[in-house]
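Trainee: I would like a close look at one part of this model. Please take me through it piece by piece.

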Amino acid sequence: MYRRIVILTGAGISAESGISTFRDQDGLWEKHHIEDVATPEGYAKDIQLVERFYNLRWQDLQRPEILPNAAHQALAKLELEFEGELLLITQNVDDLHERAGSLRMIHMHGELKKGRCPKSQQTFVLREPFGEDNCCTCCIPAMRLRPHIVWFGEMPFAMDRIHDALDECDLFIAIGTSGTVYPAAGFVDTANHHGAQTVEVNLMQPDPHSQFQYHFTGKAGEIMPKLVDTILNGNILGANKCKLAQA
Ligand code: NAD
């Protein structure tokens, strides 16, 4: 029976909800080069392009067909019913975990639905799209809000809390992440180092150098409800791996 669980989700968990991932498209995100729309340099070079990009991403997320899927729902159920400690960390900037019912989680790479004051770092839920008129209310003069997104080259949020949880967990599960973006890609090493069981859920077969002890290959929306039930029934994942794979 597990007592402390850390879960890391990536763009793959939202793929079945209709949101594009990064790496599945040769380093393009919605047909843009990552360095143009996901770096401070890209923002400094062309603020309108970056604002338009995040305005469109946020707008996309409001489409009625974009809904949390069975994997998001399974994790919300785990939060509700698991009696030990659970930390859900997402690299995703969408809000599908919240919409599924997850309450306590870390958005380590920020959130599409928020803007941030570049001076005070205070965040604001967006009421209107990014633009020169969308400013903070915390500074004089008011500052133009920037996307509340951690771009490449910037430090993700809540790293101390994340490392404390990884140091103490007995189970670490990474779902739908390519393991190419650091520091999240290194979490498995930390968890292994502290003796946790480490499990990966991904559509793709694991690469031969994978640091995870167990792999479940397939869609997160099909695998996660079974994994969550296994955990809630007080069972250990490795012991049930074959049974899960056949289910
Ligand atoms: P990634 O795009 O690099 O990798 C996605 C991974 O998910 C791949 O390994 C792929 O094999 C796997 N995958 C795809 N469909 C799956 C499914 N149905 N079930 C299980 N696995 C599936 O994503 P990443 O590792 O999260 O890192 C890229 C960065 O992209 C993150 O920092 C994130 O901020 C950003 N991003 C976020 C969103 C979002 O919020 N939904 C979308 C695109 C990019």
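Mentor: Contact here means heavy atoms within 4.5 Å. Keep in mind that this is a predicted model. Start with Ser 17. By that criterion, and leaving out residues up to four places away in sequence, Ser 17 touches Glu 65, Ile 66, Leu 67, Pro 68, Asn 69, His 72 and Leu 96. Ser 17 lies in the loop between helix 1 (11–15) and strand 2 (28–29). Its relative accessible area is 6%. The cut-off for buried is under 20%, so Ser 17 counts as buried.

Three strands make an open sheet, ordered 7-6-8, with antiparallel pairing. Strand 7 (123–125) and strand 8 (146–149) are the edges, each pairing on one side only. Direction ignored, neighbouring strands are turned by 55° against each other on average. Strand 6 (residues 110–116) pairs with strand 8 over three bridges, in the antiparallel sense. Within this region, Gly 115 stands opposite Pro 147 of strand 8.

Helix 4 packs on this sheet and touches strand 6 and strand 8. The helix direction makes about 130° with that of strand 6. Helix 4 covers residues 47–61, which is 15 residues. From first C-alpha to last, helix 4 reaches 21 Å, close to the 21 Å expected at 1.5 Å a residue. Its buried residues are Leu 49, Val 50, Glu 51, Phe 53, Tyr 54, Asn 55, Arg 57 and Leu 61. An α-helix has 3.6 residues a turn, so residues three or four places apart point the same way.

How values were computed:
Residues are numbered from 1 along each chain as its sequence is written. This is a predicted model: local features need pLDDT of at least 70, side-chain atom pairs count only at pLDDT 80 or more; totals for chains, interfaces and linings use all residues. Side-chain values use heavy atoms; hydrogens and water are left out. Helices (H or I, at least four residues) and strands (E, at least two) are DSSP runs, numbered from the N terminus. Buried means under 20% relative accessible area, exposed over 50%, partly exposed in between (1.4 Å probe, protein chains only). The expected span of a helix is 1.5 Å times one less than its number of residues. Two strands pair if DSSP finds at least two bridges between them. Axes are lines fitted to C-alpha atoms, for helices over the stretch in contact, and angles run from 0 to 180 degrees between N-to-C directions.
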